[in-house]
Amino acid sequence: GKSVAIQSDGKILVSGTTSNGINDDFALARYNNDGTLDNAFDIDGKVITDLGSNHDWNFSVAIQADGKILLSGESNNGLDEDFALVRYNSNGSLDATFDTDGIVTTPIGSSNDWGSSLNIQTDGKILLGGHSFNGTDFDFALIRYNNNGSLDNTLDGEGKVTTAIGSSNNISSKVAIQSDG
């Protein structure tokens with residue numbers, strides 16, 4: 001597992017990455033508070049999601065106020081990595097109201113982009129932070145999505161922003177939200 005979250009009912013979510021023998025996919029398991037797999041979650045307590053024909057790596061999990069579950073990370077599009085975001089219903093099925101299939105991948109630049117940290121604003125908008133390769137080195141990167149999976153264009157006009165902190169690699173591993181938003 002890469003990330004752990006606790007639901008309001010005490011059930012435990014563990015997310016990470018698993019290999020299907022050819023490439024890697026997002027993995028999610030839900031446990032009862034006694035440590036047994038929750039069979040009400042996708043029949044066997046486990047969900048594997050293949051975002052495409054190349055590798056997909058999960059780095060973060062979050063639970064929305066309505067009980068829906070978000071996983072974030074990166075997905076290889078055949079050329080490079082893009083930010084990746086998947087939303088599940090509370091029963092483990094993909095949420096078709098989220099970008100029609102439950103899966104959103106977003107390129108930031110023309111090279112590798114890694115979505116390493118996930119957070120949800122009080123208004124339901126979703127923040128995905130990480131880093132993006134600018135052709136020379138990595139910069140901090142932030143994307144904000146509306147609750148339906150579309151980019152929130154009120155963030156820097158296009159829903160995504162990058163920031164160079166120094167003259168070398170800038171790697172972001174956590175996004176947090178201040179109390180004033």
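Residues are numbered from 1 along each chain as its sequence is written, and side-chain values use heavy atoms, leaving out hydrogens and water. Because the model is predicted, local features need pLDDT of at least 70 and side-chain atom pairs count only at pLDDT 80 or more, while totals for chains, interfaces and linings use all residues.

Four strands make an open sheet, ordered 1-2-3-4, with antiparallel pairing. At the edges sit strand 1 (3–6) and strand 4 (46–49), each pairing on one side only. On average, neighbouring strands of this sheet are turned by 25° against each other, direction ignored; the axes here are lines fitted to C-alpha atoms, with angles running from 0 to 180 degrees between N-to-C directions.

Now, please find strand 2 (residues 12–19) and strand 3 (residues 24–31), which pair in the antiparallel sense over eight bridges. Opposite Asp-24 in strand 3 you will see Ser-19.

On to the loops. Thr-100 lies between strand 7 (81–88) and strand 8 (103–106). Its phi is near 70°, a positive value in a residue other than glycine. Thr-100 is exposed, at 70% relative accessible area; exposed means over 50%, with a 1.4 Å probe and protein chains only.

Asp-156 is in the loop between strand 11 (138–145) and strand 12 (160–163). Here phi is near 55°, again positive in a non-glycine residue, and Asp-156 is exposed, with a relative accessible area of 54%.

Key: Two strands pair if DSSP finds at least two bridges between them. Helices (H or I, at least four residues) and strands (E, at least two) are DSSP runs, numbered from the N terminus. Buried means under 20% relative accessible area, exposed over 50%, partly exposed in between (1.4 Å probe, protein chains only).
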